Amino acid sequence: MASTSSLSLSNSLLARSASHHAPASHSSDHRPGLCLSAASPLPTFSGLKSASSSPVQIPFAPLRRRLLQRQIRAAAIETLAPAETSLVDNSVNTIRFLAVDAVENANSGHPGLPMGCAPMGHVLYDEFLKFNPKNPYWFNRDRFVLSAGHGCMLQYALLHLAGYDSCKLEDLKSFRQWGSKTPGHPENFETPGVEVTTGPLGQGIANAVGLALAEKHLAARFNKPDCEIVDHYTYCILGDGCQMEGVAHEACSLAGHWGLGKLIALYDDNHISIDGDTEIAFTEDVSKRFEALGWHVIWVKNGNNGYDEIRAAIKEAKSVKDKPTMIKITTTIGYGSPNKSNSYAVHGSALGAKEVDATRKFLGWPHEPFHVPDDVKKHWSRHIPEGASLESEWNEKFAAYEQKYKEEADVLKSIITGELPAGWEKALPTYAPDSPGDATRVLSQQNINNLADVLPAFVGGSADLASSNLSLMKKFGNFQKNTPEERNIRFGVREHGMGAICNGIARHCPGMIPYCATFFVFTDYMRAAIRISALSQSRVIYVMTHDSIGLGEDGPTHQPIEHLASFRAMPNVLMLRPADGNETSGAYRVAVLNKKRPSVLALSRQKVPLIAGTSIEGVEKGGYIVSDNSSDNKPDVILMGTGTELELAVEAAHELRKEGKAVRVVSLVSWELFGEQSAEYKESVLPEDVTARVSIEAASTFGWERMVGSKGKAIGIDSFGASAPAPVLYKELGITAQAVIAAAKELC
């Protein structure tokens, strides 16, 4: 081991952070860092040896004034290079160098976090996490989320050592490459063993809250005094970046409120973000904040090789049953890199060949890239039989549970497998043409309550707008700390957190069907979560009411304009805007049946009539003919509409037919579903030869050229709205049947 490297690293380990990094001393879990007074001797790093084998003393004079004003971070006073390496040291260094080698091989990635978090990763996966490598989807496994997803090579290395087939050695060697099972951020649909898709910081910890919520809810409903059939933890590693993002605060606030005692977050407190030391922008006391949020807080000062401290902290966290735990683990980013550790230089790029060699020398790692020592391989191999045994024991336990509690077992099995109850669709309300009309948000409420009767894990709620969204399940109470068996989730004014938590609920097991509600315009606050829903193939139902200028007097801040177009542009999202009762039921049917994509339902505040010709079945096609007086598939003009404006297209068609026109009215409730139909079907609805086409929608016209063609006309709103009663807005902004009639006459 080179003494020059040792001295360089020892200096890099000196703290940069001011006193805000030390938790308050009043708590028994807060262990203050070492502070130097004028009389304090400078600490000796006894594990660092010079060429003469004498301990290396850090020069006193150049550092005295600086250290008087700053704390030495706890990890800096450890023994950095023990004379003899243990099996645990070998395992931890294996994790570090699998990450370093993969990033180097790809010449892309983030080696710093895996190098710093390898100790906590090893202790967690090797000693605490309950899993079966050969069945990543075993129901009662512990869930692990890497919220700091840029450090994904930490997770891939752990999955590889644990024996997951998704992370074989060749997969690590193809890190970040085309077709790889080891993409640049964790993706659940690519890598079995990865629970959720993380990348945007803060989303992962919010997903973890959703996973823990699902566990607490199912445990409360199905566990018996003589049999705890649902019993697993959710662990999450998050970093400084996650802590800064607002979505994390929202979700963690709810986790504390709900008392999610089986949620344990390991905070990688390394003080470094992309732009440098977090002192430049992040000086709050995170420990105090989490205490205020209702979390149990522990501080592990030595995260670099304080295995016993990490182990003890997780044990303590598991003993706390009534609140989630945040373990602040102070680490050194890029630990072991002599020239780049403890700096942003190791955050987001490969170390480079020269620094990799220096790191190998410093950590005493003489092996070739991607080498796993035999003792490490043998040690980790036990997880395969142990995991199989854990699952087998649980299966036996479930069999006994099933004998005693047949009804509950059948329901739980359906939730675990995602199998929908036979005949569930009969619960969807249907409407006759003479039924009274109503706002589609009211019709949505009927669907929610009917589905609650037949879908056992249908759960959800609103961001403090339940009375406006009409999103409560009337037969159930509120999911709270002491009533976790209930199914209404009160998210408070937290749209960011709400969407991300629902993603976690959806990823817990196939039968969990979460919905969440707010005003359509506030999807702006949850767009990242909706995008992750789509990317991770998660069935979340987004119930978005007040879908247009029809909400009226609240004005343009609350009136969505470009939102329909934006979600139509988002891959793997079903954007549904139903026109009346039957279409609203059809939208819910589609949302439940589509298990691998989210649905956004845009629902009206204002009342709409029941329209003759609409149907539940038609919604499944995305676009269909509502009325038509033409023959031979040759109408004079085709009028298209969605939602509340379909009524205007029907009214315009009625007037045009009086003048002898052959008019077809088409509902385009979901462009995505229509686009998936056969060419023959699409031709039967929108014949290519009919170029006289008019669309009407109280939203941006962007995208409608795909439907109306170059010769058609799109009536919409390409400006913001205004504050006025809804009928006035529709008239002043030209969203009228008269505008449709005038446009149609120009075309035919």
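The model is predicted: local features need pLDDT of at least 70, side-chain atom pairs count only at pLDDT 80 or more, and totals for chains, interfaces and linings use all residues. Residues are numbered from 1 along each chain as its sequence is written, and side-chain values use heavy atoms, with hydrogens and water left out. The protein chain has 28 helices and 22 strands. Helices (H or I, at least four residues) and strands (E, at least two) are DSSP runs, numbered from the N terminus.

**Whole chain**

- Of the 748 residues in the protein chain, 62% count as buried. Buried means under 20% relative accessible area, exposed means over 50%, and partly exposed lies in between (1.4 Å probe, protein chains only).
- The protein chain exposes about 27600 Å², and carbon and sulfur atoms supply 52% of that area. Accessible areas come from the Shrake-Rupley method with a 1.4 Å probe; for residues, only the protein chains shown count as cover.
- Take the contacts (heavy atoms within 4.5 Å) in the protein chain with a separation of 6 or more: residues 24 or more positions apart account for 78% of them.

**The sheet from β18 to β22**

- An open sheet holds 5 strands in the order β18-β20-β19-β21-β22, and its pairing is mixed. Two strands pair if DSSP finds at least two bridges between them.
- β18 (624–628) and β22 (713–715) stand at the edges. Each has a single partner strand, so one side of each is left without a neighbour in the sheet.
- From one strand to the next, the twist averages 20 degrees. Axes are lines fitted to C-alpha atoms, for helices over the stretch in contact, and angles run from 0 to 180 degrees between N-to-C directions.
- Strands β19 (residues 637–641) and β20 (residues 663–667) pair in the parallel sense over 5 bridges. G641 has S667 of β20 as its bridge partner.
- Helix α23 (residues 646–658) lies across β18, β19, β20 and β21 (693–696). Helix α23 runs at about 175 degrees to β20.

- Strand β5 (residues 263–269) has 7 of its 7 residues buried, so β5 is largely enclosed by the rest of the structure.
- Both faces of β5 are covered. L263, A265, Y267 and D269 are buried on one side, and I264, L266 and D268 on the other.
- β5 pairs in the parallel sense with strand β4 (residues 234–239) over 6 bridges. C236 stands opposite A265 in β5.
- β5 also pairs with β9 in the parallel sense over 6 bridges. Here the bridge partner of A265 is M326.
- Strand β8 (residues 296–300) has 5 of its 5 residues buried, so β8 too is largely enclosed by the rest of the structure.
- Both faces of β8 are covered, with H296, I298 and V300 on one side and V297 and W299 on the other.
- β8 runs parallel to β9, and 5 bridges join them. H296 has T325 of β9 as its bridge partner.

**Helix α5**

- Helix α5 (residues 152–162) is mostly covered, with 11 of its 11 residues buried. Among them are C152, Y156 and H160.
- G163 follows α5 and has a positive phi, near 100 degrees.

**Loop residues**

- Most residues other than glycine have a negative phi.
- L470 has a positive phi, near 55 degrees. L470 lies in the loop between α17 (466–469) and β12 (488–490), and counts as buried because its relative accessibility is 17%.
- H546 also has a positive phi, near 55 degrees. Its loop runs between β14 (541–545) and α20 (563–569). H546 counts as buried because its relative accessibility is 5%.
- G352 is in the loop between β9 (325–330) and α12 (353–362). At 23% relative accessibility, G352 counts as partly exposed.
- G352 and N105 are 247 residues apart along the chain, and their C-alpha atoms are separated by 10.0 Å.

**Largest pocket**

- About 490 Å³ of space lies in the largest pocket. A pocket is an open set of points on a 1 Å grid over the protein atoms alone, where a 1.4 Å probe fits, with protein on both sides within 12 Å along at least five of seven lines. The volume is the space filled by probe spheres set on the points, which are joined across faces, edges and corners.
- The largest pocket is lined by 23 residues; lining residues have an atom within 4 Å of a point. Y137, A506, R507, C509 and P510 lie nearest the pocket's centre.
- Helix α18 (residues 495–508) gives the most to this lining, with 3 residues.
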